[in-house]
Amino acid sequence: MNRTTLSLIACTAALAAVTGLATLTEPAAPAADTAKAAAVLPVERTSLLCPQPSSSDLAETTYTSFTPVTAGTDSDGTAELLAATTESAADDSATDDDSATDDDSAADDTEKDDEEQDDAEKTAAEPVLTPKAPGTPVTAEVSGGDSPALLGTAEGKYAPGWTVQETTQVSAGTGRGLLGVTCTAPDTEFWFPGVSTAADRTDYVYLTNPDDSAAVADIELYGPDGAVTTTVGEGLTVPARSSEPILLSTLTDEKQDDLTLHVNVRSGRVGAAVQALDDKLGGDWLAASTDPAGSLVVPGIPKDASAVRLVAFVPGDADADLKVQLASGSGLITPAGHETLRIKGGMTTAVDLGDITRGEPGSLVLTPTGGSVPVVAAVRVVRGEGEKQESAFIPAAAAVGTRASAVGNTAKGTTLSLTAPEGTAKVKVTASAGTGGGTAASKTYTVKSGTTQDVEIPVPAGLKGTFALTVEPLTDTPVHAARTLAESVDGLPGFTVQTLPGDRGTVAVPEADEDLTVLQR
């Protein structure tokens, strides 16, 4: 998935540079002689989409927004989260033509409907959350099951690295527990290994369209025997600036665990996330796996996990043979009985890894045993015992890259996991000021090759409220990261895990050679 957001200015600069080369460079001249290294500039506009948090009347949701301080940004900017468009009261009311008794009554009804529609549009246009300044997170809280999806846009100084977290507590019922998701950028393709249409699961995929025209998407399900027959999965329309929840069990008559969901957008773009609710094991959000790749990392499996289930899928026709390793606190180890995993092309494979972490922090590292075949993967993690069990999902994630942030952290309920599967890495972690006050603090860590560390996070001095954690690798070695939030929800051990891929804060823009600039003038 292409997560990079390019500003119009950056695109224009890049196009101008490329056009100049095509026009003025001799065919035999090497590219290195006519262009400088690309300049890395802050992005100037970012879009994020937050799914509808819950349909439960018991839901308590907190939104947290944060933009890290980025050098080279403009001095001004805006950022806001708006409710996705919903049907107005006027459109939602059924009208019986025979009920109108005279012209005055009809006119009154029309005037009332117009007022209600204006009120609905005004309410929808009011920001749910507006940031204060880069470097300081802000929060907003909503209650109940009527909270809509949110459409977010940040420009100028608020755009680089803008991150929004949606965290919901549900105290009872199907899917009770702590549910968390990082609001995502719109895209055109998503893979979700680990969904289910089984009787004890209620899985919805939420498609949110940020644009002014309708989007059209296809939904496909794949099980252990290949494609699952669906009835209404093709050509689903998501109206402009709105969100559509789709119950996966209504797409097919087959009741199966361990499915892979593929969302492919034919027209437009959407944000997509899966809410997976279990009758006995609580619920959480399943974020999309990183793009299909030959090697994958699933970071941040809690050290006290009582059960871990890996679900993987091969999008193509070729079979994949993967080596399965755990990057533990002491190094890479191979789980007994699960040394390799074979995944047939176009099919989903699942394997129970049990309590694989055994009291140590861990991350799964999947690498090809032979030829590389692109795969996607995720794990379902269970914590707790007996009736006090809670589940969460962790998708395979891209490396942090230059920088990534996790927001909504608390001093006692937050665990930050860092893993460096390919070599020793140094990482800087900065804790922002709190939403209610405090002073930012930073620490630097060394993560040994092939290990996962649950680091002792820095805590802002004088902390009030929650804070953001920003991870910045200081070496070229790839670093993967995940953050776990843990909180008791009516006596249940609620938890949720979010991965930290790169925050899309910068973009590389080619610079034209000085001599070419003179000629172009």
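Helices (H or I, at least four residues) and strands (E, at least two) are DSSP runs, numbered from the N terminus. The views below show a predicted model, in which local features need pLDDT of at least 70, side-chain atom pairs count only at pLDDT 80 or more, and totals for chains, interfaces and linings use all residues. Residues are numbered from 1 along each chain as its sequence is written, and side-chain values use heavy atoms, with hydrogens and water left out.

View 1. The largest cavity has a volume of about 50 Å³, taken as the space filled by probe spheres set on the points, with grid points joined across faces, edges and corners. Strands β9 (177-182), β11 (201-209) and β17 (271-278) each supply at least two lining residues, and β17 gives the most, with three. Among the lining residues are Leu-49, Pro-51, Cys-183 and Tyr-206. The lining counts seven nonpolar, four polar and no charged residues; here Ala, Val, Leu, Ile, Met, Phe, Trp, Tyr, Cys and Pro are nonpolar, Asp, Glu, Lys and Arg charged, and the others, Gly among them, polar.

**View 2. Thr-163 and Thr-64.** Thr-163 is in strand β8 (residues 163-170), while Thr-64 lies in β3 (residues 60-66). Thr-163 counts as buried because its relative accessibility is 8%, and Thr-64 is buried too, at 4%; buried means under 20% relative accessible area with a 1.4 Å probe, protein chains only. Leaving aside residues up to four places away in sequence, Thr-163 touches Thr-64, Thr-182 and Val-407, among others, where contact means heavy atoms within 4.5 Å. The contacts of Thr-64 include Leu-129, Gln-165 and Thr-466. Thr-163 and Ala-468 are 305 residues apart in sequence and 9.4 Å apart in space, C-alpha to C-alpha.

**View 3. Aromatic rings.** The whole structure holds five aromatic pairs. One of them, Phe-190 with Phe-192, is stacked, at 6.4 Å centre to centre and 15° between the planes; rings of Phe, Tyr and Trp (its six-membered ring) pair if their centres lie within 6.5 Å, and planes under 30 degrees apart count as stacked. Both Phe-190 and Phe-192 are buried. Trp-191, Tyr-222 and Phe-313 form one aromatic cluster.

Technical notes:
Rings of Phe, Tyr and Trp (its six-membered ring) pair if their centres lie within 6.5 Å; planes under 30 degrees apart count as stacked, over 60 as edge-to-face and the rest as tilted. Buried means under 20% relative accessible area, exposed over 50%, partly exposed in between (1.4 Å probe, protein chains only). On a 1 Å grid over the protein atoms alone, a cavity is a set of points where a 1.4 Å probe fits but cannot get out, and a pocket is an open set with protein on both sides within 12 Å along at least five of seven lines; lining residues have an atom within 4 Å of a point.
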